[in-house]
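The sequence and coordinates come first, and the commentary follows.

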Amino acid sequence: MPSLYERLGGLDAISAVVGSFVFRCAGDDRINGKFVRTDGPRLKKMLVDQVCEAAGGPCSYTGRGMRETHDGMKVTAGEFDALVGDLVATLDEFEVPKQEQDELLGLLGPLRSQIVEVESPETGTALPDTYQAAPALS
């Protein structure tokens with residue numbers, strides 16, 4: 001059976017999905033406050049690398065760990081769930097089959113415990129002033 005990476009369509013397809021997903025998140029008032037100091041090109045590259053590697057592709061994720069990346073952001077459970085909803089909507093937009101969606105979400109879902117700091121259904125919370133975003137790509 002082909003790898004998930006191959007079934008998703010390879011790097012070009014993953015890049016297209018991630019680009020659309022980042023755009024969707026930027027327009028989602030439930031979560032976009034958490035990205036106000038995020039370097040968009042860096043976020044897209046890191047997400048492409050992370051999804052590509054997790055799906056069995058040739059990429060290597062070289063970014064910070066999920067706990068370090070999100071430490072101090074005060075991400076709520078509601079915001080995490082909204083982000084997952086945006087990912088599913090993007091996968092649906094690209095007509096990614098349910099089996100591949102479930103497999104991808106199964107790989108990414110365990111990261112929840114490293115990202116969510118506030119067990120609350122609240123969304124749209126502000127990014128704390130003390131949060132230190134990763135540096136921009138050079």
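## Helix 6 and its packing

The buried residues of helix 6 pack against helix 1, helix 3, helix 5 and helix 7 (112-115), where helices are DSSP runs of H or I with at least four residues, numbered from the N terminus, and contact means heavy atoms within 4.5 Å. Buried means under 20% relative accessible area, exposed over 50% and partly exposed in between, with a 1.4 Å probe and protein chains only. In helix 6, the buried residues are Glu 100, Gln 101, Leu 104 and Leu 108. Because they cover an arc of only 100° around the axis, they lie on the same side of helix 6, the arc being that of the directions from the helix axis to the C-beta atoms. An α-helix has 3.6 residues a turn, so residues three or four places apart point the same way.

## Basis and confidence

This is a predicted model, in which local features need pLDDT of at least 70 and side-chain atom pairs count only at pLDDT 80 or more, while totals for chains, interfaces and linings use all residues. Residues are numbered from 1 along each chain as its sequence is written, and side-chain values use heavy atoms, with hydrogens and water left out.

The protein averages a pLDDT of 96, and 100% of the residues score at least 70, pLDDT being the predictor's confidence in each residue, from 0 to 100. Among the elements of the protein, the lowest mean pLDDT, 94, belongs to helix 4 (residues 66-70), and the highest, 98, to helix 5.

## The nonpolar core

A nonpolar core is a set of buried Ala, Val, Leu, Ile, Met, Phe, Trp, Tyr and Cys residues joined through side-chain atoms within 4.5 Å. The largest one has 32 residues, and those with the most contacts inside it are Leu 8, Ile 14, Val 18, Leu 91, Leu 104 and Ile 115. At least two residues of this core come from each of helix 1 (4-8), helix 2 (10-26), helix 3 (40-54), helix 5 and helix 6 (98-108), and helix 2 gives the most, with 6 residues.

Leaving aside neighbours within four places in sequence, Leu 8 is in contact with Ala 13, Ile 14, Ala 55, Val 96 and Glu 100. Thr 90, which sits in helix 5 (residues 77-93), counts as buried because its relative accessibility is 0%; with the same exclusion of neighbours within four places, Thr 90 is in contact with Val 17, Ser 20, Phe 21 and Arg 24.

## Helix 3

Helix 3 has 15 residues and reaches 21 Å from its first C-alpha to its last, close to the 21 Å expected at 1.5 Å a residue, where the expected span is 1.5 Å times one less than the number of residues. Its buried residues, among them Arg 42, Asp 49 and Gln 50, pack against helix 1, helix 2, helix 4 and helix 6.

Asp 39 caps the N-terminal end of helix 3, with a side-chain oxygen 2.9 Å from the backbone nitrogen of Arg 42. Just after helix 3, Gly 56 takes a positive phi of about 90°.

## Lys 34 and the loops

Lys 34, in the loop between helix 2 and helix 3, is buried because its relative accessible area is 4%. The side chain of Lys 34 reaches the backbone oxygen of Lys 74 at 3.2 Å.

Lys 74, in the loop between helix 4 and helix 5, has a positive phi of about 60° although it is not a glycine.

Conventions
Polar contact = N/O pair within 3.5 Å; in protein donor to acceptor, adjacent residues only side chain to side chain.
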